[in-house]
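Please keep the sequence and the structure in view while you read.

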Amino acid sequence: MRAILTFLPKFRQSLLFSATINKKTEDLISLALRKPLYIGVENNEVATVESLKQGYILCPAEKKFLFLFSFLKKYHKKKVMVFFSSCMSVKFHHNLLNYVNLKVSCIHGQLKQHRRTSMYFQFCKAKSGILLCTDVAARGLDIPKVDWILQYDPPDDPKEYIHRVGRTARGENTSGNAWLMLRPEEIHFRNYLKNSRIPLQEYTIRWNIILEVQEHLEEVVMGNYHLKYVAREAFIACVRAYKSHHLKKVFDISKLDLTALAKTFGLTYVPHVDS
């Protein structure tokens, strides 16, 4: 930015647009602007738009994939974005779901830029579809008419939550739905969100309509060398992401049931994770 600014006229009008104000934004303001005038849209009651219907569901770790699969089967004709904590988790679920003929696309940080751009424009133009992604898709992407945001893995903090759900209910006369999946042990994350003026309603999972595909999941993963390898790597990445979570009092790695977590990846054993 310093190099770019040296090429700009000394007398100019500069405008900086940002969804959030943090230390990095303030540093950029002090670097690029002189006597700036702040213009913002403030809402002291709610941090997200009123047309966004959002809530959370409590789901045991070993049941997470069962819910995800049932959810995507139900809403596959809608436009859905699902957020995961790691690139490897996106890769695994992308490979697995397409393998069992549930068509999904993906965007994550390990994709080459031209591939990400292609996926982005395809999903923008689509009337329906499922996009699996990491937080690389949580900011700066304007995707029309997204119906659902499902946060399979929790965000690192309330600000990241806001960015994720901001992919839906964008603009006037629009609406959207967003659900956050939490393990019962993670329920206190709800308090952090409420303190950040994020209104959440609890939704109860109707387990009688959830597809019982655990046995089939394990057969598919353990019987396919490539899926088994990606599942193991995704499990390891998931544990490491959990360990590095910003809110360690809520997301306590010592309370994470690794056996139950391994089941969500179709693994019948618990892979070793280096500390």
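Which residues of helix H3 are buried? In this predicted model, the buried residues of H3 are Lys64, Phe65, Leu66, Phe67, Leu68, Phe69, Ser70, Phe71 and Leu72. Because nine of the eleven residues of H3, which covers residues 64–74, are buried, this helix is largely enclosed by the rest of the structure.

Another helix to follow is H4, which spans residues 87–99, and the table sets out how H4 is placed against two other helices.

| Helix pair | Axis distance | Angle |
|---|---|---|
| H4 and H8 (residues 214–222) | within 12 Å | roughly 105° |
| H4 and H9 (residues 225–243) | 8 Å | about 145° |

The axes of H4 and H8 cross at roughly 105°, and because angles of 65 to 115 degrees count as roughly perpendicular, H4 is described as roughly perpendicular to H8. On the side of H4, this contact is made by Phe92, Leu96 and Tyr99, while H8 contributes Leu217, Val220 and Val221. By class, the residues of this contact are six nonpolar, with no polar and no charged ones.

With H9, helix H4 packs at about 145° and passes in a left-handed crossing. Here H4 brings Met88, Ser89, Lys91, Phe92, Asn95, Leu96 and Tyr99 into the contact, and these meet His226, Leu227, Val230, Ala231, Glu233, Ala234 and Ala237 of H9. The contact of H4 with H9 divides into nine nonpolar, three polar and two charged residues. Phe92, Leu96 and Tyr99 of H4 take part in the contact with H8 and also in the contact with H9.

Methods. Residues numbered from 1 in each chain as written. Predicted model: local features only at pLDDT ≥ 70, side-chain atom pairs only at ≥ 80, totals over all residues. Heavy atoms only, no water. Axes fitted to C-alpha atoms, helices over the stretch in contact; angles between N-to-C directions. Helix = DSSP H or I, 4+ residues; strand = E, 2+ residues; numbered from the N terminus. Parallel < 35°, antiparallel > 145°, perpendicular 65-115°, else oblique. Contact = heavy atoms within 4.5 Å. Nonpolar A, V, L, I, M, F, W, Y, C, P; charged D, E, K, R; others polar. Left-handed = near helix turned anticlockwise from the far one by under 90°. Buried < 20%, exposed > 50% of the residue type's maximum accessible area, 1.4 Å probe, protein only.
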